[in-house]
Amino acid sequence: MPSFRFELRCEGRVAGIDEAGRGPLAGPVYAAAAVIDRTRAARKLLRMIDDSKKLTLEQREEAYEAMIASGVVQFAVAEASVEEIDRVNILQATYLAMRRAVQALVDRPEVVLIDGNRAPPQLGCRAETIVGGDAHSYSIAAASIFAKVTRDRYMHALARTYPGYGWETNRGYGSQQHLEALSLLGPTPHHRRSFAPVTRLV
């Protein structure tokens, strides 16, 4: 289970940041920033928060709704579009989404904890990176859930407009169904043209 160990060693307001959707062939990349009021967070809520990759779809949805209903988690979710990904590359687009998420918080943090080993520039506050942070920090884990659920919902809705690619289940990742549909149907406006194998089909 995550903990508040990293939050407690920082002075001031601390936000966790994580992203979702760096690897897919289609759709935006999302980032979320989350701040948990440690003094009011119930144990029942904290038991629901974990690295989004370790949770089932149902568990992620339950944790997402519980965090919103709790009133002790402030969060913001932002995205970088497919066009931005193709123009500046996926790493820079991820940084852009992270900056937008931090800027969208109602109360700006003094410190941000970021999953991984690289921090985006120009966040406007001090940043600390934590490898595997979504398994060690409640704030980062919460951000991972907000980003993942928001992106999954977007891709599921997009699948109704562009059937055949399996986005309702693969969320834009390069599954066999998705790759076969790409070859048969060709790329959509939501495919990342800078990503192989989409590049070969454009």
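1. Let's start with serine 144, which sits in helix H6. Bear in mind that this is a predicted model. With a relative accessible area of 1%, serine 144 is buried, because buried means under 20%.

2. Which residues does serine 144 touch? Leaving aside residues up to four places away in sequence, its contacts are Asp18, Asp50, Asp51, Ser52 and Asp134.

3. Helix H6 is also worth a look for its meeting with helix H3. The axes of H3 (residues 57-70) and H6 (residues 138-161) come within 9 Å and cross at roughly 115°. The two helices are therefore roughly perpendicular to each other, and H3 passes H6 in a left-handed crossing.

4. Sorted by class, the contact holds 8 nonpolar, 1 polar and 6 charged residues.

5. Now for helix H5. H5 covers residues 90-104, 15 residues in total, and spans 21 Å from its first C-alpha to its last, close to the 21 Å expected at 1.5 Å a residue.

6. Which residues of H5 are buried? They are Ile90, Leu91, Ala93, Thr94, Tyr95, Ala97, Met98, Arg99, Ala101 and Val102. An α-helix has 3.6 residues a turn, so residues three or four places apart point the same way. The buried residues of H5 pack against strands E1 (14-20), E2 (29-36), E3 (73-80) and E4 (111-115), and against helix H4 (82-88).

How values were computed. Residues numbered from 1 in each chain as written. Predicted model: local features only at pLDDT ≥ 70, side-chain atom pairs only at ≥ 80, totals over all residues. Heavy atoms only, no water. Axes fitted to C-alpha atoms, helices over the stretch in contact; angles between N-to-C directions. Helix = DSSP H or I, 4+ residues; strand = E, 2+ residues; numbered from the N terminus. Parallel < 35°, antiparallel > 145°, perpendicular 65-115°, else oblique. Left-handed = near helix turned anticlockwise from the far one by under 90°. Nonpolar A, V, L, I, M, F, W, Y, C, P; charged D, E, K, R; others polar. Expected span 1.5 Å × (residues − 1). Buried < 20%, exposed > 50% of the residue type's maximum accessible area, 1.4 Å probe, protein only. Contact = heavy atoms within 4.5 Å.
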